[in-house]
Amino acid sequence: MKIAVIGSGYVGLVTGACFAHLGHQVLCIDNNLEKIKLLRQGKTPIYEPGLESMIHKCVKEGKLSFSSNIVQAVQKSEILFICVNTPPKENGEADLSFIETVSREIAKNLKEYRLIVEKSTVPVQTGEWILKTIQSIQPNLSLFDVASNPEFLREGSAVKDFLKPDRVILGVESPRAEKILRALYKPFSSKIVVTDLKSAEIIKHASNSFLATKISFINAVARICDVVGADIEKVALGMGMDPRIGPSFLKAGIGFGGFCFPKDLSAFLHMSEKLGAPFELLKESLKINSAQKYYFIEKIEHHLWNLKDKTLAVLGIAFKPNTDDIRYAPSLEIIDVLQKQGAHVRVYDPQAMANARKVLHGVFFAKNPYEAVKGADALIIVTEWDEFKSLDFKKIKKLLKQSIIFDGRNMFEPEAMQRLGFQYHSIGRKAQEPRSKRSSR
Ligand code: UGA
């Protein structure tokens, strides 16, 4: 099939590359000329495992190309995926102006039937607006359909998620649209769920909101564990074995970040209020999430006393492992607060250093974890990169000024850290101090 993907951001690029990989003819569009230039040179603007090699392969096979010309996309492709950005406004509402602009551009160039599919995460009723917008310019309704096909890929495992989806949601309003999308998603036919357009839009916002709420729920429980000296990892294990609850997204830590959960929760909340059906629970989820970062910072202050002129090593800047994305990353707020308290911050991240340099000021950018911890009063773990699991902690201990670790992602066994001689603080698990210190009390 001939497909155009309009908007070559995270979702757009992965969608385009994966459809090309599945054998379709794909044209990826973006109005950022620099990005198109980069992509044409075979470089990806984001770090995502497996994406760059897939793009290379598909470009070489002539299945994937890039352009900034949306007219070309409408002329050549039967299916047009809208994957443009829907950034949050100040009040949390999604800014849909890019979607409107693209809808108008499509409408102006509609000559033959086209299926317009929204893939960007959008509030319910956006599809209706796309339809109305196109219709106001091209009133011939037989020339187009609007459908919703939300994407559920996660950064860091996006290619895998796309090619092995849990479900494929097709929100359609006509048999023709359903037929086309069913044919496109034939390799995943057993996973297809067909709904109306509005239900599909809600599935996406409700799924992200539910998952984010699950994280806030476990973080709230973790704080209770901290108070009484229980173990959140064990609590989550015990809860997650109930199939009605499930084990995933029960990892306590410093809360969720990234460009999806915080933005989508706010947008869903805003939309619910606008519709007169306010979803107050989401307010609490957001509140817990925001407080969780400060809870972690308070732990650091509690054990280090004054932060002024203390040196702190922060490992991990990306909002999660296997990505270079730092949008809404908890690290940024945490580092900002530490700096405001007068601490000297040394940072390291396996992939996000280039992005970090653009937004972090006054920090020392280390070449590796060992350089980051050199002379620091404490090591603070913010992102659970695999690379950190295999660190040489004997070496770390020698390099640190004080053997203190604050682990915001519960990466390590408290007992093991204690045996290595660290004072180890994590989330929702008993603080561990070195044996010698304990026994001398
Ligand atoms: C999320 C959803 O998981 C995807 O299904 C969805 O397609 C995507 O948003 C989107 O809307 O585009 P993503 O933001 O890439 O994906 O990352 P997640 O793996 O969901 O993690 C989000 C945040 O939650 C991260 O900061 C992560 O550290 C945190 N998290 C996740 C926890 O704190 N605990 C957990 O148990 C799981």
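**View 1. Gly 62 and helix H3 in the predicted model.** Gly 62 follows helix H3 and has a positive phi, near 75°. Helices (H or I, at least four residues) and strands (E, at least two) are DSSP runs, numbered from the N terminus.

**View 2. The open sheet.** Six strands with parallel pairing are ordered E11-E10-E9-E12-E13-E14; two strands pair if DSSP finds at least two bridges between them. Strands E11 (364-365) and E14 (423-425) are at the edges, each with a single partner strand, so one side of each has no neighbour in the sheet.

**View 3. Strands E13 and E14.** E13 (residues 404-407) pairs with E14 in the parallel sense over 3 bridges. Tyr 424 in E14 is the bridge partner of Ile 405.

**View 4. Helices on the sheet.** Helix H12 (residues 280-304) lies across E9 (311-315), E12 (378-381), E13 and E14, and runs at about 165° to E13. Helix H13 (residues 330-340) touches E9, E10 (344-348) and E12, its direction making about 155° with that of E10. Axes are lines fitted to C-alpha atoms, for helices over the stretch in contact; angles run from 0 to 180 degrees between N-to-C directions.

**Notes.** Residues are numbered from 1 along each chain as its sequence is written, and side-chain values use heavy atoms, without hydrogens and water. In this predicted model, local features need pLDDT of at least 70 and side-chain atom pairs count only at pLDDT 80 or more, while totals for chains, interfaces and linings use all residues.

Notes
Contact = heavy atoms within 4.5 Å.
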